[in-house]
Amino acid sequence: MKHWRTVFAAVLYRDLVMFQRYAFNTVSGLITLYIVFLLIFFGISKFDGGAVVSASTVESMIVGYVLWSMSIAVYSELAWSITNEAQVGTLEQLYLCPLGFGFVNACHLVSSLLTNVLFNAVLLLAAMATTGRWLLIDLVSLTPVVLLTLGGVYGIGFAVGGLALVYKRIQGFFQIVQFIFVGFMMVPLDVVPWARWLPLAMGNELARRIMVGGQRVWHFPVGDLVTLVVTAAVYLALGVVAFRVAERVARNRGTLGQY
Amino acid sequence: MGAAISVTPSASVALEVSGLHKVFPGKRPVHAVTDVTFCVPAGDVIGLLGPNGAGKTTIIKCVLGLVRATSGVTRVFGAETSNHPGRVLSSAAAVLEGARNTYWRLTVWENVCFFASLHGVSARDPAHRRYFEGLLARFGLEGRLKTPVRELSTGLKQKVAVVSALARRTPLVFLDEPTLGLDVETAYELRRLLPELARDEGRTLVISSHDMHVVQAVCRRVVIMSGGRVIADDEVANLLALFRSRRYRLSMPGALPGDAVAGVRSLDAAARIEVEDGVTKLELQLPAAAALYRLMDLLRDAGVVVETIVQSEPDLEHAFLELVRRERERQ
């Protein structure tokens with residue numbers, strides 16, 4: 001199976017070259033996210049009447065903000081890249097890969113995840129330096145929790161990507177979904193227990209416990225871990241199924257390469 | 001260039017399309033392709049010819065699995081699209097009409113390497129690398145390897161798309177409207193290069209176009225489509241011969257009398273009769289060779305003196321228009 005390695009390397013290289021050529025875009029995106037973070041941070045301080053905001057509030061906000069930033073990057077990579085490929089007229093060429101578009105897309109998702117992690121590591125460092133609150137970066141605990149959290153987001157990305165295949169011009173809906181993510185993360189799980197089954201909600205809670213509370217992944221109640229795994233698996237599976245259905249509809253309507 | 005095609009065709013038939021139907025759903029369903037059947041032997045160069053909306057692109061996309069056929073079967077080197085899409089795509093590449101087909105932000109070389117890699121053909125292999133370089137040189141792109149595609153002219157962009165498809169080294173290549181929007185010089189170059197490549201590398205080319213000159217210059221055989229149906233499937237030479245033997249241009253002084261006009265119309269209702277500077281120019285298609293004697297008789301009986309008579313040298317454009325006209329009349 002040398003073929004898949006060739007495709008994987010080619011997609012990685014293409015994405016790297018594109019990343020370099022769109023460096024200004026990447027840097028300006030990072031700066032924008034940082035500015036938004038500053039606004040939220042100083043906003044919270046003001047909201048508290050100028051009093052010193054509690055350390056845990058700031059720390060929770062950093063965790064939530066970075067996880068949200070990672071989520072919208074993952075989600076937009078999936079949904080936006082399909083729209084973009086259709087727009088620039090290369091989507092059908094990717095579908096001509098004998099290993100299937102799914103494989104090409106998966107390679108792209110891996111490469112974009114690497115970029116995403118790097119991008120958000122910088123944002124996290126900047127946020128911690130600005131607030132003076134240094135969080136615990138326990139990679140052993142964080143990696144599975146973050147990946148599983150993003151799994152659910154990938155599911156939403158696949159579903160919206162599928163809609164993009166059929167309807168193409170869905171930018172309005174696409175942007176609204178990004179803000180719905182904020183809602184998923186803001187719901188207090190102790191007040192609304194069923195909200196733990198929403199995408200991002202349990203992941204955000206567990207990431208906060210690791211980074212702010214210093215807990216390790218093996219200290220979590222089994223029920224919480226099961227919730228995290230099940231929500232990731234279910235949303236991902238639903239998203240992939242929705243994408244496949246949309247692919248079929250697009251092939252039937254002949255809209256795969258149209259924009 | 002000595003190309004080693006990556007997928008060795010096991011069958012002598014490169015492409016089979018059998019009873020293909022495609023209806024695009026909607027409030028008013030569109031019957032894009034109706035009962036289309038044809039096959040292409042390996043190593044052949046055929047043209048899919050037809051006006052806009054004839055169903056050419058839909059057929060290509062059905063074969064490649066980009067559009068789902070309503071019914072019918074398409075096979076590439078024996079592999080059926082619906083059951084073995086991976087095998088079909090291993091043997092086929094395409095330049096698709098109406099799409100850029102390349103990344104304009106990437107350079108010429110990056111595009112060729114990327115799209116070839118999708119078929120497992122990597123520039124890291126020296127043989128493939130040499131092949132890419134040779135192909136680019138053949139298409140006159142050797143001096144532009146590091147140029148981003150967006151900086152190239154329309155013609156050069158199209159050449160990059162064609163090279164990127166050929167670089168996948170598949171035994172079957174679809175070129176959907178490869179000369180659309182090209183200047184005369186680039187179109188001419190492609191017309192010269194494509195048959196050369198097919199001959200040198202033993203590839204099967206399916207060229208969809210409504211540019212008759214391209215098809216006549218490049219293809220051995222042509223499948224003519226109209227309204228989603230195949231209305232002719234023959235070698236270009238045969239189609240030309242069919243019309244060559246029976247099409248005539250005559251010139252005569254003065255206007256034709258009414259009985260002569262009626263006689264001419266009885267032989268060919270679509271005959272063109274024009275009077276220019278006192279000379280009648282008549283162009284008509286005779287139903288049989290013997291009809292020429294009947295034409296001469298009726299003109300002589302009407303007192304018309306024939307000054308010149310020339311057997312028209314038909315081109316594919318003429319054959320195409322005639323076939324489409326007949327098909328429309330039949331319907």
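**Domains of chain B**

I looked up the centres of domain 1 of chain B and domain 2 of chain B: taken over C-alpha atoms, they are 40 Å apart. Domain 1 covers 13–235 and domain 2 covers 245–330 in chain B, with bounds from an automatic or database domain assignment.

I noted that this is a predicted model, where local features need pLDDT of at least 70, side-chain atom pairs count only at pLDDT 80 or more, and totals for chains, interfaces and linings use all residues. Residues are numbered from 1 along each chain as its sequence is written, while chains are lettered from A and ligands numbered from 1 in the order in which they are written.

Next I checked the contact (C-beta atoms, placed from the backbone, within 7 Å): domain 1 of chain B gives eight residues and domain 2 of chain B gives seven residues. On the domain 1 side, helix 7 of chain B has the largest share, three residues. I read helices as DSSP runs of H or I with at least four residues, and strands as E runs with at least two, numbered from the N terminus.

**Two helices of chain A**

I then turned to helix 8 (residues 201–211) and helix 9 (residues 222–253) of chain A: their axes come within 9 Å and cross at roughly 135 degrees. Axes here are lines fitted to C-alpha atoms, for helices over the stretch in contact, and angles run from 0 to 180 degrees between N-to-C directions.

Which residues of helix 8 of chain A make the contact? I found A:Met202, A:Gly203 and A:Leu206, facing A:Asp224, A:Thr227, A:Leu228 and A:Thr231 of helix 9 of chain A.

Conventions:
Two residues are in contact if their C-beta atoms, placed from the backbone, lie within 7 Å.
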